[in-house]
Amino acid sequence: MLTCSKLIAGGQGLAAALVKRAATVELDWDVRQKSRFDATDSTGRILGVFLPRGTLVRGGDVLVVEDGSLVRVQAAPQEVLRITACSEHGSAFDLTRAAYHLGNRHVPIELKPDHLKIEPDHVLADMLRAMHMTVVTVHEAFEPEGGAYSSHGHGHGHGHGHGHDHSHDDAHEHEHAAHREHGHGHVHGPNCKHDH
């Protein structure tokens with residue numbers, strides 16, 4: 001097994017010819033959101049990937065193998081729900097409203113100008129249909145947003161750091177302490193069921 005412990009986001013800084021010639025590995029979202037996993041590349045080599053905790057791997061990223069070779073990551077097609085505004089009765093605002101309700105539930109969402117994508121969930125699909133959204137199951141690559149505090153989606157994706165160096169007043173600090181103490185306060189509605 002070969003070890004990969006470095007990732008080049010989007011292959012930035014690498015010559016296009018090098019990236020094009022690189023072996024490939026096709027990974028679905030469940031694997032790409034982990035920082036440690038095993039995979040087999042297009043040449044049959046078994047790779048043990050050990051990236052910094054919280055790293056998200058995106059389609060187009062390049063893994064650097066311990067022998068110096070490169071492996072280009074491809075987002076594998078997987079079953080997802082494609083959400084669009086009703087073409088007869090809807091508007092672009094409906095899509096914004098759907099994204100808000102999904103985000104409020106901390107659901108990974110891929111945002112596109114004319115549609116959203118989420119992982120299959122019949123409860124959320126029913127909620128979206130009740131909002132007059134069109135929801136269809138498709139087999140496509142899934143690249144959800146990485147979070148406001150991550151760059152290129154490669155950060156932890158759920159951090160709450162502020163990135164500023166001034167002192168906090170007591171009220172602001174109390175708000176953060178209460179947030180840490182009581183968790184995220186997910187809102188799920190009365191019909192939401194979870195399999196844990």
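In which sense, parallel or antiparallel, do strand β1 and β4 pair, and over how many bridges? Strand β1 (residues 2-8) and β4 pair in the parallel sense over three bridges, two strands being counted as paired if DSSP finds at least two bridges between them. The structure is a predicted model, in which local features need pLDDT of at least 70 and side-chain atom pairs count only at pLDDT 80 or more, while totals for chains, interfaces and linings use all residues. Residues are numbered from 1 along each chain as its sequence is written, and side-chain values use heavy atoms, with hydrogens and water left out. Helices (H or I, at least four residues) and strands (E, at least two) are DSSP runs numbered from the N terminus.

Strand β3 (residues 36-40) pairs with β4 in the antiparallel sense, over five bridges, and R36 stands opposite F50 in β4. β3 and β4 form a hairpin with five residues between them; in its turn, G44 has a positive phi of about 90 degrees.

The loop between β4 (46-50) and β5 (62-65) contains T55. T55 is buried, with a relative accessible area of 9%; buried means under 20% relative accessible area, exposed over 50%, and partly exposed in between (1.4 Å probe, protein chains only). The side chain of T55 reaches the backbone oxygen of P52 at 2.6 Å.

The largest nonpolar core has 17 residues. Such a core is a set of buried Ala, Val, Leu, Ile, Met, Phe, Trp, Tyr and Cys residues joined through side-chain atoms within 4.5 Å. I83, L102, L116, I118, L128 and M133 have the most contacts inside the largest core. At least two residues of this core come from each of β7 (78-85), α3 (92-104), β9 (116-118), α4 (122-130) and β10 (133-140). Another core, of 15 residues, lies apart from it and includes C4, L27, F37 and V65.

Buried residues in α3 are D94, L95, A98, A99 and L102. Seen down the axis of α3, the buried residues fall within an arc of 140 degrees, so they line one face of the helix; the arc is that of the directions from the helix axis to the C-beta atoms. The face turned away from this buried side carries the exposed residues F93 and Y100. The buried residues of α3 pack against β7, β8 (110-111), β9, α4 and β10. α3 is followed by H106, whose phi is positive, near 60 degrees.

Technical notes
Polar contact = N/O pair within 3.5 Å; in protein donor to acceptor, adjacent residues only side chain to side chain. Contact = heavy atoms within 4.5 Å.
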